[in-house]
Amino acid sequence: RVLGVMLHLLLLSLSVQVMADNALTFLMAWELTSLSAYAMVLTEPDRPGTVRAAQWYLAVTHVGFAALVAMFFLLSAGDLTVSFAAMRSASLGSGVRNAAFGLGLFGFAAKSGLVPLHVWLPMAHPVAPSHVSALMSGIVIKMGVYGLLRVTLDLLGGGPPWWGGLVLALGAASALLGVLYALMEHDLKRLLAYHSVENIGIIFIGVGAGL
């Protein structure tokens with residue numbers, strides 16, 4: 001029953017995230033995604049490594065969440081209920097824009113499992129039910145890509161070339177290390193987890209090239 005409730009809460013939170021029009025709604029949906037996924041990873045707490053994997057997932061995602069809260073405070077001048085439209089029209093200095101980009105990149109990379117913030121992924125996937133692992137790989141970690149694009153291109157309206165260079169470099173490192181780890185892995189679900197790290201790296205290469 002808990003698994004069923006949390007699965008529907010996860011799907012609800014993912015839907016709300018892409019419809020959110022202010023920081024508070026976005027952050028609430030982001031947190032609900034993390035908590036519901038955490039509960040689903042803990043579906044079988046008696047299995048070895050399950051509790052440790054869930055704790056790592058919760059820790060990494062909440063460090064990323066703190067970075068996103070700080071980023072939105074910068075973009076909204078401290079008022080998280082301000083609409084995204086108001087954030088787009090705000091006049092921000094280059095220092096604030098760079099800080100917001102850095103915080104956003106860290107926070108969204110933590111959710112995406114981008115190297116070096118990928119540590120939770122190969123631990124959480126093997127212990128989660130298979131359909132939960134598929135949902136996390138297919139949709140949940142991709143929300144980090146959506147968030148980065150939404151903030152960087154929409155709210156900040158793009159930035160200097162080094163933003164793209166940094167994203168591209170992190171994506172290349174993630175793609176390379178993900179496939180190298182996968183080549184050495186024999187557990188099927190851990191292998192798929194490392195391929196998720198590789199795939200998110202390939203996506204970030206494309207995002208970095210676009211930026």
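**Aromatic pairs, a nonpolar core and a helix contact**

Tyrosine 57 and tryptophan 120 are both buried. Keep in mind as we go that this is a predicted model. The rings of these two residues have their centres 4.9 Å apart, and because their planes stand at 65°, the pair is edge-to-face.

Now turn to phenylalanine 72 and phenylalanine 84. Their ring centres are 6.2 Å apart and their planes meet at 15°, so this pair is stacked. Phenylalanine 72 is in helix 3 and phenylalanine 84 in helix 4 (residues 84–89), so the pair ties together parts 12 residues apart in sequence. Phenylalanine 72 is buried, at a relative accessible area of 1%, and phenylalanine 84 is buried with a value of 1%.

Next, the nonpolar core. The largest one has 55 residues, and those with the most contacts inside it include Phe72, Trp120 and Leu75. Helix 3 (residues 50–76) gives the largest share of this core, nine residues. Leaving aside residues up to four places away in sequence, leucine 75 touches Met87, Leu92, Ala100, Val151, Leu155 and Leu156.

Finally, look at helix 1 (residues 2–19) and helix 7 (residues 130–140), which pack at an angle of about 10° with axes 12 Å apart. That angle makes helix 1 roughly parallel to helix 7. Helix 1 contributes Leu3, Leu7, Leu10, Leu11 and Leu14 to the contact, and helix 7 contributes His131, Val132, Leu135, Ile139 and Val140. Nine of the contact residues are nonpolar, one is polar and none is charged.

Key: Residues are numbered from 1 along each chain as its sequence is written. This is a predicted model: local features need pLDDT of at least 70, side-chain atom pairs count only at pLDDT 80 or more; totals for chains, interfaces and linings use all residues. Side-chain values use heavy atoms; hydrogens and water are left out. Axes are lines fitted to C-alpha atoms, for helices over the stretch in contact, and angles run from 0 to 180 degrees between N-to-C directions. Helices (H or I, at least four residues) and strands (E, at least two) are DSSP runs, numbered from the N terminus. Angles under 35 degrees count as roughly parallel, over 145 as roughly antiparallel, 65 to 115 as roughly perpendicular and the rest as oblique. Contact means heavy atoms within 4.5 Å. Ala, Val, Leu, Ile, Met, Phe, Trp, Tyr, Cys and Pro count as nonpolar, Asp, Glu, Lys and Arg as charged, and the others, Gly among them, as polar. A nonpolar core is a set of buried Ala, Val, Leu, Ile, Met, Phe, Trp, Tyr and Cys residues joined through side-chain atoms within 4.5 Å. Buried means under 20% relative accessible area, exposed over 50%, partly exposed in between (1.4 Å probe, protein chains only). Rings of Phe, Tyr and Trp (its six-membered ring) pair if their centres lie within 6.5 Å; planes under 30 degrees apart count as stacked, over 60 as edge-to-face and the rest as tilted.
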